[in-house]
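Dear colleague,

I am handing over the structure below, and after it you will find notes on what turned up in it. Please read them alongside the model.

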Amino acid sequence: QTLQKPQITIVEPRLYSEVHEVADYLLMGQSVIINFRRMDNEQASKMIDFLMGVTYAVKGDIQRLGDEIFICTPQSVTVNGSDLSEFTDSF
């Protein structure tokens, strides 16, 4: 029996319309790291709002990893680290 490894998908969206792709990964039980460096702040903010709703619906979580980097995880995944942003700010 082969062990099904959890997958983490990394996306660098340019357009808000790509939010559906990220939501689909979450709905399939995958974690997604989103790097917003190619997207303007207004669209990135709208995307985060949408993804907060999706992660809530799947009983998951969304956390900031850095200035423009977030991770969305399904219910089956826990991200350890009391304050990840404090850790990443030191770099």
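Leaving aside residues up to four places away in sequence, Thr-73 touches Leu-26, Ser-31, Thr-55, Gly-60, Asp-61 and Val-79, where a contact means heavy atoms within 4.5 Å. Thr-73 belongs to strand E4, residues 69-73, and it counts as buried because its relative accessibility is 2% (buried means under 20% relative accessible area, exposed over 50%, and partly exposed in between, with a 1.4 Å probe and protein chains only).

This is a predicted model, in which local features need pLDDT of at least 70 and side-chain atom pairs count only at pLDDT 80 or more, whereas totals for chains, interfaces and linings use all residues. Residues are numbered from 1 along each chain as its sequence is written, and side-chain values use heavy atoms, with hydrogens and water left out.

A search of the whole structure finds 2 salt bridges, each defined as a side-chain nitrogen of Lys or Arg within 4 Å of a carboxyl oxygen of Asp or Glu. In one of them Arg-37 pairs with Glu-12, with the closest N and O atoms 3.1 Å apart. Arg-37 lies in the loop between strand E2 (31-35) and helix H2 (41-57), and Glu-12 in the loop between strand E1 (8-11) and helix H1 (19-27), so this pair ties together parts that are 25 residues apart in sequence. Helices (H or I, at least four residues) and strands (E, at least two) are DSSP runs, numbered from the N terminus.

Glu-12 also meets Arg-38 in a salt bridge, at 2.9 Å from N to O. Through shared partners, salt bridges join Glu-12, Arg-37 and Arg-38 into one network.
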